[in-house]
Amino acid sequence: MIITALACAIIYAPSAHAVATSTTSVLSIATSTTSVGTAVGTAELKKSIAAQKAQLAQLKKKSYPTRGIAHTLKRGSSGEDVRLLQQFLSLYATSSAPAITGYFGTQTKQAVRDFQRKESLDPVGIVGPKTRARILALSNRELKQVSARTASSTTEAVPEITSVIFTTEVGEDGSGVGSTTAFASTTRNIYAILTLANAKQDTAIGLIRYFNGAYVDSEVTHPSRSGLRYMHFQWSLKAGASRIPGPYTVTFYVNGKKSKTATFTIN
């Protein structure tokens, strides 16, 4: 089964008239459009980072109270220790999570009793030494789990493009059949086959293509599934369409960061 990593758009080579545009106009178009192409990949990367930060922040919230509750608490108590207790109870998923007010009222007492029953403690509704110790132990356990998840995410393998080849045919496994950097002007399809490492579905793979240093086109897409080894971009020309001989340079990006640059020529 041929692995199709993206819906490849039919892209036409620039006309001779377009290439003959003034130097100032070409530079202007290349700069503005290149920025757009790169920005798409960068936006995807920023969105991913923001989501990871939000998730980490949410996990850290579940670590309260980090310093433990220093005093015995009961109905009528107030202050920071009560607030820490209420934060813990609201995140511990008790059936009667209290509002975080800093005041130990009826609702907080009921939540404490529910917690004590769940943890096989005497359900008196007073936060004494045993209850404080259990809350601290659960908080420390959560902290360790958060630290482990954080360490795992920071050492996670980074998606990358390990190689690029140009070819006229894609194999059944998605790899390229043969490799060349020179194509006849009658070539129907040109494929850029990318070999990927550690790629996921949310990895942004992009490219910007130039002809003699002038911008031609750009595209950003994603692997069809996590762990995909090969994906490809395709350039096609209909019969009779204008083809301009010369060198084409393609710069590839992973999550908005430049990865590989390769060149092919149409003779």
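Tutor: Start with pairing: two strands pair if DSSP finds at least two bridges between them. Helices (H or I, at least four residues) and strands (E, at least two) are DSSP runs, numbered from the N terminus. This is a predicted model, where local features need pLDDT of at least 70, side-chain atom pairs count only at pLDDT 80 or more, and totals for chains, interfaces and linings use all residues. Residues are numbered from 1 along each chain as its sequence is written, and side-chain values use heavy atoms, with hydrogens and water left out.

Student: What takes a positive phi in the hairpin of β4 and β5?

Tutor: Asn 212 does, near 50 degrees; the hairpin has two residues between the strands.

Student: How do you know that β4 pairs with β5?

Tutor: Seven bridges join β4 to β5 (residues 214-221), and the two run antiparallel. The definition asks for at least two, so they pair. Ile 208, for one, has Ser 218 in β5 as its bridge partner.

Student: What joins β4 to β7?

Tutor: Seven bridges, again antiparallel, with β7 covering residues 246-254. There, Ile 205 is partnered by Val 254.

Student: Why is β4 called mostly covered?

Tutor: Buried means under 20% relative accessible area, exposed over 50%, partly exposed in between (1.4 Å probe, protein chains only). In β4 (residues 205-211), seven of seven residues are buried.
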